[in-house]
Amino acid sequence: MRKHNFGAGPGILPESAVRKTQEALLDFNGTGMGVMEISHRSKDFDAVLSKAKLLVKELLHVPDSHDVIFLQGGASQQFAMVPMNFLKTKAAYIEQGTWSSKAIKEAKNIGEVVVIASSKDKNFSYQPTGYSIPKDVDYLHICSNETIHGTQVKNFPDSPVPVICDMSSDIFSRPVDISKFDLIYAGAQKNMGPAGVTLVILKKDAAGKHGKKLPAIFDYKTHLDNNSVYNTPPVISILVCMYTLEWLKSMGGVDGIQKVNSQKATLFYNEVDSNPMFTGTAEKNDRSPMNACFLLKDPALDEEFLNLTKKAGIVGIKGHRSVGGFRASMYNALPLESVKVLVNAMKEFANVKA
Ligand code: PMP
């Protein structure tokens with residue numbers, strides 16, 4: 001029996017993807033070799049790479065102006081690569097939580113950064129709005145979903161400058177107009193596959209315009225020109241992404257999964273709001289359907305609640321230390337059934353304590 005896995009990342013994967021990977025480990029495509037043992041330049045892997053890329057393009061409706069590359073180093077490497085490639089004079093950042101703060105810190109190592117809005121005053125429990133974007137910056141950096149604080153950007157700003165977005169924790173969970181962004185990046189390990197690969201979607205003509213002598217490995221143009229095989233890519237991670245995206249397609253794509261995600265989020269947040277024992281931490285309008293942060297009104301009961309959920313087969317709901325309490329991550333592959341189990345555990349807890 002698989003657990004009800006609410007972990008924030010690496011997160012739950014579709015069972016079909018895990019099973020197919022299990023088979024591929026020993027004998028991939030009848031080659032007599034496991035997928036971890038084949039050349040990244042073999043025709044078998046080439047087919048995987050092309051299919052994974054095609055699925056990203058298809059599922060997200062990536063326009064012809066943009067291309068898809070697979071990198072390593074996680075989203076954290078993107079915190080550095082973005083300013084290395086795009087920061088010439090000044091860049092604007094929005095400080096929305098732990099992850100965008102890390103992106104800001106890295107960018108400051110490269111050049112001048114202006115933080116144009118922040119929600120730090122309330123421990124990042126809301127998404128800043130109403131800011132104006134300066135015209136004299138090279139780009140605006142924004143994080144679509146702050147995984148730790150459980151807040152999501154509902155409407156992306158209309159921007160006079162290129163927009164770069166960290167979509168690590170909500171990519172493929174809702175439709176996005178890709179043409180609004182010069183670059184989108186996402187560590188795979190939540191909605192797309194396992195850790196070890198990072199998705200980058202970038203506007204082709206924006207790459208390679210930095211005018212600097214960058215190490216080739218940190219230059220987006222290198223990877224664009226070499227179709228993600230400039231160096232040895234994480235073959236198995238890309239294969240699992242391919243299987244996961246095939247599953248997503250079978251679920252009706254991003255539109256289909258958004259409906260399920262919305263059912264899960266509604267069910268969960270309704271319980272948080274109606275159960276007298278619990279309270280949510282994020283501003284209601286900014287609540288993330290991917291990561292729901294919540295507290296017991298009496299934190300002395302935390303351990304007892306955790307034990308009860310454990311008995312129900314629930315794992316991964318302990319909150320991040322900077323927010324406390326609990327966090328239920330409800331990524332694409334988490335079944336609605338798992339949310340029902342959690343909600344029932346919350347109801348049961350309230351009954352026992354009443
Ligand atoms: N950005 C966001 C929004 C994240 O959730 C995470 C990881 N949880 C990161 C960046 C960092 O990703 P990685 O560990 O792949 O470097």
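Modeller: Gladly! Let's begin with a polar contact: a pair of N or O atoms within 3.5 Å; within protein, one must be able to donate a hydrogen and the other to accept it, and residues adjacent in sequence count only if both atoms are side-chain atoms. Here, a polar side-chain atom of T147 is 2.5 Å from an oxygen atom of the ligand. The side chain of S76 has an N or O atom 2.6 Å from a ligand oxygen, and a polar side-chain atom of D166 lies 2.6 Å from a ligand nitrogen.

Biologist: What should I know about the model itself?

Modeller: This is a predicted model, where local features need pLDDT of at least 70 and side-chain atom pairs count only at pLDDT 80 or more, while totals for chains, interfaces and linings use all residues. Residues are numbered from 1 along each chain as its sequence is written, and side-chain values use heavy atoms, leaving out hydrogens and water.

Biologist: Which residues come nearest to the ligand?

Modeller: A residue is near a molecule if one of its heavy atoms lies within 4 Å of it. There are 13 residues around the ligand, and S76, T147, D166, Q189 and K190 come nearest.

Biologist: Which helix gives the most to that shell?

Modeller: Helices are DSSP runs (H or I, at least four residues), numbered from the N terminus. Helix α3, residues 74–86, gives the most, with four residues.

Biologist: How many residues of each class does the shell have?

Modeller: Ala, Val, Leu, Ile, Met, Phe, Trp, Tyr, Cys and Pro count as nonpolar, Asp, Glu, Lys and Arg as charged, and the others, Gly among them, as polar. The shell around the ligand has seven polar, four nonpolar and two charged residues.

Technical notes: Helices (H or I, at least four residues) and strands (E, at least two) are DSSP runs, numbered from the N terminus.
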